[in-house]
Amino acid sequence: MITTFLLLMVPATLLLGAHDVATKKLLAGATSEQFLLGVVWSAVGLLSASTLLFFGVPEIARSFWGAFIGTALLNVFGQL
C-alpha cells in the first residue's frame with residue numbers, strides 16, 4: 001500500500017513542481033494569465049473526458065450521497 005502511494009506521489013510532486021516553474025516562466029514573459037488558465041483547464045478537461053471514455057463512468061453507491069451532503073454542508077458553514 002505504501003509502495004503504491006510513493007509510486008504515485010513522487011512523480012506527481014515532481015510534475016506539479018515542474019508545472020509551477022513553467023507557469024512562473026510563462027507568466028513572466030508575454031503569456032497572459034487568462035490564456036494560460038484556458039490551456040490548463042482545457043488539458044484537464046481532455047484528460048478527464050478521455051479517462052471517462054476509456055474506463056466508463058463509475059457507479060455511485062447510495063452511501064456516497066450522505067457523505068457528500070455532509071461534506072458540502074460542512075464546507076458551506078465553514079465559509080461563513
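The following legends describe close-up views of a predicted model.

**View 1. Nonpolar patch on the surface**. Nine side chains are shown: Ile60, Phe64, Trp65, Phe68, Ile69, Leu73, Val76, Phe77 and Leu80 make up a nonpolar surface patch. Taken together, these residues present about 980 Å² of accessible area.

**View 2. Phenylalanine 77 in helix 3**. Helix 3 spans residues 62–79 and contains phenylalanine 77. The relative accessibility of phenylalanine 77 is 58%, and the residue therefore counts as exposed, the threshold being over 50%. Phenylalanine 77 is also one of the members of the nonpolar surface patch.

**View 3. Aromatic pair of phenylalanine 54 and phenylalanine 55**. The model has 4 aromatic pairs. In the pair shown here, the ring centres of phenylalanine 54 and phenylalanine 55 are 4.8 Å apart and the planes stand at 90°, so the arrangement is edge-to-face. Both partners are exposed: phenylalanine 54 has a relative accessible area of 69%, and phenylalanine 55 has a relative accessibility of 65%.

**View 4. Aromatic pair of tryptophan 65 and phenylalanine 68**. The rings of tryptophan 65 and phenylalanine 68 are likewise edge-to-face, with 5.8 Å from centre to centre and 85° between the planes. The two residues lie 3 positions apart in helix 3, which means a separation of about one helical turn. Tryptophan 65 is partly exposed at 42% relative accessible area, as is phenylalanine 68 at 44% relative accessibility.

**View 5. Aromatic cluster of Phe64, Trp65 and Phe68**.

Terms used: Residues are numbered from 1 along each chain as its sequence is written. This is a predicted model: local features need pLDDT of at least 70, side-chain atom pairs count only at pLDDT 80 or more; totals for chains, interfaces and linings use all residues. Side-chain values use heavy atoms; hydrogens and water are left out. Patches are made of residues with over 30% relative accessible area and no salt bridge: like charges are joined within 9 Å, nonpolar side chains (Val, Leu, Ile, Met, Phe, Trp, Tyr) within 5 Å. Accessible areas come from the Shrake-Rupley method with a 1.4 Å probe; for residues, only the protein chains shown count as cover. A salt bridge is a side-chain nitrogen of Lys or Arg within 4 Å of a carboxyl oxygen of Asp or Glu. Helices (H or I, at least four residues) and strands (E, at least two) are DSSP runs, numbered from the N terminus. Buried means under 20% relative accessible area, exposed over 50%, partly exposed in between (1.4 Å probe, protein chains only). Rings of Phe, Tyr and Trp (its six-membered ring) pair if their centres lie within 6.5 Å; planes under 30 degrees apart count as stacked, over 60 as edge-to-face and the rest as tilted.
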